[in-house]
Structure formats: C-alpha cells, structure tokens
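Have a look at the fold first, then read on.

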Amino acid sequence: MKQEFLIRGAGRIPSPCCGESMSVIGTRTRKCKERSGGKRVYDIRRLGCDSCGRIHHELPDFLVPYKRYDRECIEMVLSNPTTHDIPADESTLFRWADWFNSIVDYWIGCLVSIMLQTKQDNIPLDLTSATPMTALQKIGRLVGDAPRWLERIVRPIVNINLWLHTRSAFLSERG
Ligand SMILES: [Zn+2]
C-alpha cells in the first residue's frame, strides 16, 4: 500500500485528503545517513485527518521519501556528479542519477500543475526546448539552482500527495 507523507513545515498544513486539520496520533524514530558519514536520528509523526481519519506520515524537511540518505546528500550528488564528497557507494550514486533522470519530467508536470492551481505567473513558457537539456537544467528552470533546490521540489509534491515511489515512476513510463 502506498504510504502517505507530508513534509513538516513552519505552519500547520491541511490534510491532503480533505483539506482539514490533523491530529498527532503517534511517532516513530528513524535514522538516515548524512553528509559527514554519520547517522541522524529523527521522528516521523503519524497524523490523522480530523475529518476522515486517514493517516499521513510527516517527514522532516531534510528528508526525501523512500531515501536512506538525507536530502543534502542527494542534492550534492545530483548537482555535482563528479566532484561531490558524499560517502555513498557507486551503486547508490548510480541509482540516484537514474531515478532523477527518469522522474524529472513527472516532477515538472507536478510543479507546473501546482503553479497553475495557485495562479503563479512565473511559469517558463518554453519548457520544451529545442536543445537537449540535462535533468538538472530542466528542473532548474522551475526551482533554480540555489541550495535546497531538491527541497523546493519535494515539499510541494509530497504535500499534495503526488510523490511517487520509484517503482511506480518506472511503471508509468514517463518521459
Ligand atoms: Zn481526510
């Protein structure tokens, strides 16, 4: 079953299912790997929708759903494939690059849809370019390349419940 996530923010966010308030019904402790090579311990809160009772898992903003390394590590590797200092093995690095390339068009679709729904008028008009672009260049046109760019993708997509598990991204054959 698909897990439902939320990214913890400064303010309270409404439940993705009903747009209503949510109550904390429990927490779980987890660990993730960070840039220093150490492990970080964090809590995942389980929140119940006050309207329908559906359960959502609230993640800290330094995480990416389903990933065992923190967001900073993944972002560093995707931004600097050959010069990063992240202590992850080759197969992990390869999987991140593969995941990024396969899912970037889906993310762009989600972000554009969010921008349209929230009536933002800064959507680049020429998202399809004649010259081939890397995944990083493509997504950079929407979220920029300043630090925490990956968070600017993860947070809005997760919070409206459109984040895909990697496997489902492959099955849907996007891009
Ligand atoms: Zn609900």
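R71, I74 and E75 of α1 touch W149, L150, E151 and V154 of α4, where touching means that C-beta atoms, placed from the backbone, lie within 7 Å. Sorted by class, the residues of this contact are four nonpolar, no polar and three charged. In that scheme Ala, Val, Leu, Ile, Met, Phe, Trp, Tyr, Cys and Pro are nonpolar, Asp, Glu, Lys and Arg are charged, and the others, Gly among them, are polar.

Before going further: this is a predicted model, with local features needing pLDDT of at least 70 and side-chain atom pairs counting only at pLDDT 80 or more, while totals for chains, interfaces and linings use all residues. Residues are numbered from 1 along each chain as its sequence is written. Helices (H or I, at least four residues) and strands (E, at least two) are DSSP runs, numbered from the N terminus.

| Helix pair | Axis distance | Crossing angle |
|---|---|---|
| α1 (residues 71-79) and α4 (residues 149-159) | within 9 Å | roughly 120 degrees |
| α2 (residues 90-117) and α4 | 10 Å | about 70 degrees |

Axes here are lines fitted to C-alpha atoms, for helices over the stretch in contact, and angles run from 0 to 180 degrees between N-to-C directions. α2 is therefore roughly perpendicular to α4, and α1 and α4 are oblique to each other; the cut-offs are under 35 degrees for roughly parallel, over 145 for roughly antiparallel, 65 to 115 for roughly perpendicular, and oblique for the rest.

α2 passes α4 in a left-handed crossing. On the α2 side, W107, C110, L111 and I114 make the contact, and on the α4 side I153, P156 and I157 do. This one has seven nonpolar, no polar and no charged residues.

**The sheet**

Now for the strands. Four of them make an open sheet with mixed pairing, in the order β1-β4-β3-β2; two strands pair if DSSP finds at least two bridges between them. β1 and β2 (22-33) sit at the edges with a single partner strand each, so one side of each has no neighbour in the sheet. On average, neighbouring strands are turned by 30 degrees against each other, direction ignored.

β1 (residues 5-7) runs parallel to β4 (residues 55-59), joined by three bridges, and I7 stands opposite L59. β3 (residues 39-49) is antiparallel to β4, with four bridges. Here L47 has H56 as its bridge partner, and R45 stands opposite E58. Five residues lie between the strands of this β3 and β4 hairpin, where G53 takes a positive phi near 85 degrees.

Definitions and conventions
Contact = placed C-beta atoms within 7 Å. Left-handed = near helix turned anticlockwise from the far one by under 90°.
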